[in-house]
Amino acid sequence: MYQNDIISAIATAPGEGGIGIVRISGAGCAELAEAMFRAASGRKLKDYRSHQAVYGRVLDENDKVIDEAICLIMRAPHSYTCEDVIELQCHGGAMALREVLRRSYQLGARPAEPGEFTKRAFLNGRLDLSQAQAVMDVIKARTRDSLRVAAGHLNGDFSNRIQDMRHIILGMIAHLEASIDFPEDDIEDVAIEGARLSIEKLMQKIDKLLSSADTGRILREGLKTAIIGRPNAGKSSIMNMLLKEQRAIVTDIPGTTRDSIEEYANIGGIPLVLTDTAGIRETEDTVEKIGVDRARKCLESAALILAVLDGSRELSEDDKEVLNLLKDRKVIVLINKNDIGTVLTAEGIADELSGLGIDINIRDIISISAETGDGLELLESSIRDIVFAGNVRADEEVFVSNEGQVRLLGQSLEYLGNAMKSIDAGMSEDFIVIDLRSAWEALGRITGETVEEDIIDRIFSEFCIGK
Ligand code: GDP
């Protein structure tokens, strides 16, 4: 599985930047760098200690200067990949970086696959699988809370919990197996009673982790939020307020927001994936019709709906149609335009919804102004309450945030449940041990100890190149 060749990639984001980095990893990469880098000091790279920064020039095959650079030498095992790593920090222009990269290929490096540096860190034991996956979550985090969860995974908080559980299961297996080997002792009853207690505790722990999954997933992937309302209610203005920038086009001609737009907004630490949809309205206009259909579709996939009403007017038939779409959905109603006087009240809307068979917490009906920003804090705290439902807190909990991890935790819970059933049914230790072993393996797939190679490949293929 382990590949020993030298890989090379541009590690910084594409585009122009102050600096750009070409990262090279693998045994022998220092010699490779020696052939394309000339230190200003006139000394050889091999004469420098690990983790020293060497100023000089990157040269092409004709000894022509490609760019000025700092060469950073990190010798194995004290590097990101645990291998010899060279970072050439050049000017951050696409051409310079591409030329430096090309030169490294010419000297024997091969293009790194997506995530290959991190994959090597995993294969060399510097990170376990859940930590390696967290690297991408750290890179992609859009709010401070998202980052905190990802960083908790990266520094091993989550892995440690999984390791502890595996350790306990292994202990149980050893006990039970010992009692199989020495059936004459009363070690048997003790082992089984001990296992029962431990399994109960483990199942509670896993349950608790799983109960964090919804929040974890939202912090990692964002909360899919649809903004709906009749034309001119102020959907685009609300969206702009949330994005704090002018993206959607605001107009006063009803029905001009024809397309849905998707944007990320950071609302009180929660990453929202916002979709502003065309006004819900029966229409004959075909272009707009597509928009309305899209609005309904977007409603289907949204986890939260922000229903916008123009608070300066009485409810229209269009508004009522919007309210009618809210049954059995997580919804916050925004009574907008409170800067020009409101005729709608939260109580009135709650009554209206109740008449449609929809229950809503009165705190989730918020008087707001997209114009002045009034009510934004109330909206933020309402959204936080929804996301942190129950008592999970971003700063003290370990969250599960990853679909695969949730599935594996669910599986191990099931195996532990089966082991419990075997105990209750008075089955022999062998049966209990089989289920315990399955639970132990399922947990091991989370940290990567019992994971198959193709799964590892799939996980790392979702990384970006250079990471
Ligand atoms: P949409 O069709 O629902 O997307 O509505 P828009 O966001 O395009 O807004 C329709 C009109 O209402 C525009 O003229 C906005 O300037 C105006 N508007 C939106 N929100 C407010 C608000 O909070 N206060 C006031 N006074 N006008 C608003």
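Begin with the whole protein as a surface: its accessible area (Shrake-Rupley method, 1.4 Å probe) comes to about 22,300 Å², of which 50% belongs to carbon and sulfur atoms. This is a predicted model, in which local features need pLDDT of at least 70 and side-chain atom pairs count only at pLDDT 80 or more, while totals for chains, interfaces and linings use all residues. Residues are numbered from 1 along each chain as its sequence is written, and side-chain values use heavy atoms, without hydrogens or water.

Next, colour by pLDDT, the predictor's confidence in each residue, from 0 to 100. The mean for the protein is 87, and 88% of its residues reach 70 or more. Select β4, where confidence is highest, at 98, and then helix α10 (residues 286–301), where confidence is lowest, at a mean of 64. Where pLDDT is low, the predicted coordinates should not be read in detail.

Switch to a cartoon, which shows 16 helices and 13 strands; these are DSSP runs (helices H or I, at least four residues; strands E, at least two), numbered from the N terminus.

Now select α2, residues 94–106. Its buried residues (under 20% relative accessible area, 1.4 Å probe, protein chains only) are Ala 96, Leu 97, Val 100, Leu 101, Arg 103 and Ser 104. They lie on the same side of α2, because they cover an arc of only 160° around the axis, taken from the directions from the helix axis to the C-beta atoms.

Finally, select Gly 108, which follows α2 and has a positive phi, near 115°.

Terms used: Expected span 1.5 Å × (residues − 1). Buried < 20%, exposed > 50% of the residue type's maximum accessible area, 1.4 Å probe, protein only.
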